[in-house]
Amino acid sequence: MRNIAVIGVGYVGLVTGACFADLGNRVTCMDISEEKIEKLKQGIMPFYEPGLEELVERNVRAGRLFFTTSYAEAIRDAEFVFIAVGTPEGVDGEADLRYVRAAAEAIADVMDHPLIIVNKSTVPVGTGDWVADIIRARRGDSVPFSVVSCPEFLREGSAISDFMNPARVVLGSLDRDAAEKVAQLHLPLRAPIVITDLRTAEMIKYASNAFLATRISFINEIAAICEVVGADVKEVANGMGYDPRIGRMFLDAGVGYGGSCFPKDVKALAHMALSNGYQPQMLQAVMSINAYQRRLVVKKLRDALGSLDGAVVGLLGLAFKPNTDDMRDAPSIDIARYIIAEGGRVRAYDPVAMEVARRILPDVEMAPDPYSLADGCDAIVIVTDWNEFKNLDLERIRDRMRRPVLVDGRNIYDPAFVRSLGFIYRGIGRGFNGEGVQK
Ligand code: UGA
């Protein structure tokens, strides 16, 4: 049993805190938001993540997980302090570090015993050193501390199982002893542990996310080529994926990546490169292909409908991916806005994200289920690959639509089958089987 404080109860902080408590540690989660902490004390989660509510409840009941708005209380008995605050996007695409700075200053002000400060927030390379400088500037060498970078690789929607079964744990520090102590906290997870220096650990995080985003933009470019030469990108990805040097994961063509991580991290890495005098050509291509995918959906609608002026378009799915209500940089936002800008009307259905989406997309009318969504639609676009969209009664949907146009932005349906039901079907990169050669 170790004593751990976690600063920030966003995805990373709350999942980290609850999981460490579940591993038998005593964890205090701290956040400056009174509202979030008050709700957590009542068992209400600040966001939707499968399994989290039960995990939090179980560990609170067991007396291992606590919540507070006080830095002093969180840190009083802590040996480790995890910083897991948000790093939003700054005006030029750089990561905005104001919350990391505030956390570092507050920790410095209340610490009265040796601490290992572990940074989990995704921060530009060099931030670990900067955090140490902030603390030293306030406290000198009066209280010993070390800074360790421990980047997070969990995915929304499967955050708990990702935490409990990591592919690897990366730790970076100039203080090997401190890194070893943080490694011990992770031993029950039985994952390979990479211990390196601070900057390299921070870079591993960016390089990993940028690589996954690159795979997505790569397959989206292959999809575009599939359409003009008459090949099916889904089968291309399957055929490529059997090669163990390539693998099948993150090769699903579609409306592109969204969420709070890939868009922001690729941009931040490109910004780091540029501000240090290097032109990141591949990252720029990754971003521009990703932006194009959102326009591509609208182009497909325009091609199928003639014009979007006066057309009613139904969006199936709003969240940036399934099993989350997260709308941050969700492709649905741009897609809805482009359609509206061309004179179309947008309706939408999502199993969990409609409430969050209502605030972001006030002009979009929400439907209670996929079938009511179809009522009077000129086209439907599958934007998020929720499981519940994979076996819809398409005939029922077709009968309720004004025109039977289906743009499958996640390639979840078999083109020939959907066409056999009388739909005009457009997937992403489904030349053969799907749309024939498109020039
Ligand atoms: C991502 C990484 O996968 C995590 O390892 C990382 O810890 C996290 O960012 C982070 O930095 O915090 P996440 O944003 O939750 O996790 O979502 P992913 O499952 O990676 O999906 C990202 C986006 O890519 C989604 O919009 C998804 O629809 C899209 N995607 C994914 C594709 O378009 N095609 C694919 O083949 C895979």
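Biologist: Let's start with a loop: where is Phe250 found?

Modeller: In this predicted model, Phe250 is in the loop between α10 (233-241) and α11.

Biologist: Where is Arg190, and why is Arg190 called exposed?

Modeller: Arg190 is found in the loop between α8 (176-186) and β8 (193-196). Its relative accessible area is 78%; exposed means over 50%, so Arg190 is exposed.

Biologist: On to the helices. How do you describe two packed helices?

Modeller: With the angle between their axes and the distance between those axes. For α9 (residues 198-229) and α11 (residues 262-275), the axes come within 9 Å and cross at roughly 115 degrees. The crossing is left-handed.

Biologist: Which residues in α9 and α11 meet?

Modeller: From α9, the residues include Tyr206, Leu212 and Ile216, and from α11 they include Phe262, Val266 and Met272. By class, this contact has eleven nonpolar, one polar and two charged residues.

Biologist: What makes a residue of this contact charged?

Modeller: Asp, Glu, Lys and Arg count as charged. Lys205 in α9 and Asp265 in α11 are among the residues that meet, so by that rule they belong to the charged class.

Biologist: How many aromatic pairs does the count come to?

Modeller: Six. One of them is Tyr257 with Phe262.

Biologist: What makes the pair of Tyr257 and Phe262 edge-to-face?

Modeller: The rings are 5.9 Å apart, centre to centre, with 80 degrees between the planes. Pairing needs centres within 6.5 Å and edge-to-face needs over 60 degrees, so both tests are passed.

Biologist: How do you know that Tyr257 and Phe262 are buried?

Modeller: Buried means under 20%. Tyr257 has 5% relative accessibility and Phe262 has a relative accessible area of 14%, so each counts as buried.

Biologist: Which residues do ring pairs link into a cluster?

Modeller: Phe20, Phe82 and Phe163.

Biologist: How do you know that the charged end of Arg168 sits over the ring of Phe153?

Modeller: The distance to the ring centre is 3.6 Å, and the rule asks for within 6 Å, plus a direction within 35 degrees of the ring normal.

Biologist: Asp326 is next: why is Asp326 called buried?

Modeller: Its relative accessible area is 5%, and the limit is under 20%, so Asp326 is buried. Asp326 lies in the loop between β9 (312-316) and α13 (331-341). Leaving aside neighbours within four places in sequence, Asp326 is in contact with Tyr11, Glu156, Ser260, Ala319 and Phe320.

Biologist: And Asp363, buried or exposed?

Modeller: Exposed: 59% relative accessibility is over 50%, so Asp363 gets that label. Asp363 lies in the loop between α14 (354-360) and β11 (365-366). Not counting residues up to four places away in sequence, Asp363 touches Ile340 and Val346.

Key: Residues numbered from 1 in each chain as written. Predicted model: local features only at pLDDT ≥ 70, side-chain atom pairs only at ≥ 80, totals over all residues. Heavy atoms only, no water. Axes fitted to C-alpha atoms, helices over the stretch in contact; angles between N-to-C directions. Helix = DSSP H or I, 4+ residues; strand = E, 2+ residues; numbered from the N terminus. Left-handed = near helix turned anticlockwise from the far one by under 90°. Contact = heavy atoms within 4.5 Å. Phe/Tyr/Trp six-rings, centres within 6.5 Å; stacked < 30°, edge-to-face > 60°. Buried < 20%, exposed > 50% of the residue type's maximum accessible area, 1.4 Å probe, protein only.
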